[in-house]
Amino acid sequence: MKRALITGISGQDGLYLGEFLLEQGYEVYGLIRGQNNPRRAIVEEILPQATLITGDLMDFSSLLRALEISRPTEIYNLAAISYVAYSWDNAQLTSEVTGKGVLNMLEAIRLWAKGSLDQVRFYQASSSEMFGKVQEVPQRESTLLWPRSPYGVAKVFGHYMTINYRESYGMHASSGILFNHESPRRGPEFVTRKVSRAVAAIARGDQDSLVMGNLDAKRDWGYAGDYVRAMWMMLQQDQPDDYVIATGQTQSVRDLLDVAFAAAGIDDWQPLVQQDERFMRPAEVDLLIGDASKAHDVLGWQPEVSFEELVRMMVKSDQDNPGRTW
Ligand code: NAP
Ligand code: F7E
């Protein structure tokens, strides 16, 4: 039986990946942090067959312990501080967790596996935020990286460290450069979920209006359930490599508002939405659109859920489950 260790199992992607790997017959282990983590109950509800191991990317010996307990054949490193806006206010912490945390995991694997490093496969959750001030449209694996936030810079460190372990130690280490992916389990701080929750609350009469930041930013938004499949596909290849995972379509935050409000039967959202400086970023990533041709050709991966389907799914879920944050 294949054994997988997922860091960040309590996050959006960790929950979908855990479900997917259990369906594939894997024995699933998840790293969970904190002595009384409120998200543990969510993981236990969604993934009752998974084994949870306490640990933190900042605690090297907890990573070694997690590897000793789980003895994984595949490791998916999804744990990170992932909210871009937060990363300016907590730049050092973000660098430690999102950047150096990757090195901690890679080094723990190298020391734990010793002569059997070729028996282990590693996935790193890289991000389209690494493209930042984009130097090419659409962005592909070879596009020059130009991160625009402490989060983006930390992801670049993790990305190159993953490549370095592949080249230095022959490790089967792959990096997925994933563009924004969303779902009803998306954290409420991210724009799609902020909008879907607010639209549901406004339609119910529980909220009057919605305060937003930059409505002109454009993102390549896909569905998280499609994207975790790509992570697994990367680790099934004979050779490790880096892949862009994206839909190849881009929409603005305004487009998101159009589709989300329309899903609740509200055609004119302008009077309901205000903009405020406090949601603007010190440096914005204006446009992201990915070219996933390599993933299509080599992995055979294709996204299945469109932007409109995704947004309607999120609004419906928030209408059906008022107040739920996950
Ligand atoms: P998420 O929902 O924010 O989940 C992050 C996970 O990391 C949570 O399980 C969190 O645990 C855990 N974590 C945070 N700090 C930790 C630490 N010090 N030690 C151990 N675990 C820690 O993120 P996501 O959307 O699932 O994304 C998964 C990964 O993909 C992240 O690395 C993210 O940066 C990257 N990524 C995401 C996207 C996207 O659009 N979703 C795109 C590209 C890349 P708690 O629950 O305890 O906080
Ligand atoms: O912002 C704009 C905001 O916070 C999207 C993470 O998963 O994807 C995510 O990062 C856009 C930005 O995601 C609000 O300025 C406007 O242009 O949903 P977001 P993100 O920053 O793109 C990448 C790929 C990751 O790797 C990250 O981990 O929406 N925006 N008004 C707003 N954003 C938020 N959050 N809130 C607003 O009110």
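Because the model is predicted, local features need pLDDT of at least 70 and side-chain atom pairs count only at pLDDT 80 or more, whereas totals for chains, interfaces and linings use all residues. Residues are numbered from 1 along each chain as its sequence is written, chains are lettered from A and ligands numbered from 1 in the order in which they are written, and side-chain values use heavy atoms, with hydrogens and water left out.

**Ligand 2**

- A polar side-chain atom of S127 is 2.6 Å from an oxygen atom of ligand 2, and a backbone N or O atom of E189 is 2.9 Å from a nitrogen atom of ligand 2.
- The protein buries 96% of the 700 Å² that ligand 2 exposes when taken alone (accessible areas by the Shrake-Rupley method with a 1.4 Å probe; for residues, only the protein chains shown count as cover).
- Ligand 2 is surrounded by 22 residues, of which S82, S127, Y151, R281 and E284 are the closest (a residue is near if one of its heavy atoms lies within 4 Å).
- Domain 1 (3-181 + 221-245) and domain 2 (187-219 + 250-287 + 304-320) each contribute at least three residues to the shell around ligand 2, with the domain bounds taken from an automatic or database domain assignment.

**Ligand 1**

- An oxygen atom of ligand 1 lies 2.7 Å from an N or O atom in the side chain of R33, and a backbone N or O atom of A80 is 3.2 Å from an oxygen atom of ligand 1.
- On its own, ligand 1 has 900 Å² of accessible area, and the protein covers 90% of it.
- The 25 residues that surround ligand 1 include S10, R33, N37, S82 and Y151 as the closest.
- Three residues come from β5, which gives the most to the shell around ligand 1 (helices, H or I of at least four residues, and strands, E of at least two, are DSSP runs numbered from the N terminus).

**D118**

- D118 sits in the loop between α5 (91-113) and β5 (121-127), and D118 is exposed, with a relative accessible area of 61% (buried is under 20%, exposed over 50%, partly exposed in between; 1.4 Å probe, protein chains only).
- The side chains of D118 and Q119 are joined by a polar contact of 3.3 Å.

Definitions and conventions:
Polar contact = N/O pair within 3.5 Å; in protein donor to acceptor, adjacent residues only side chain to side chain.
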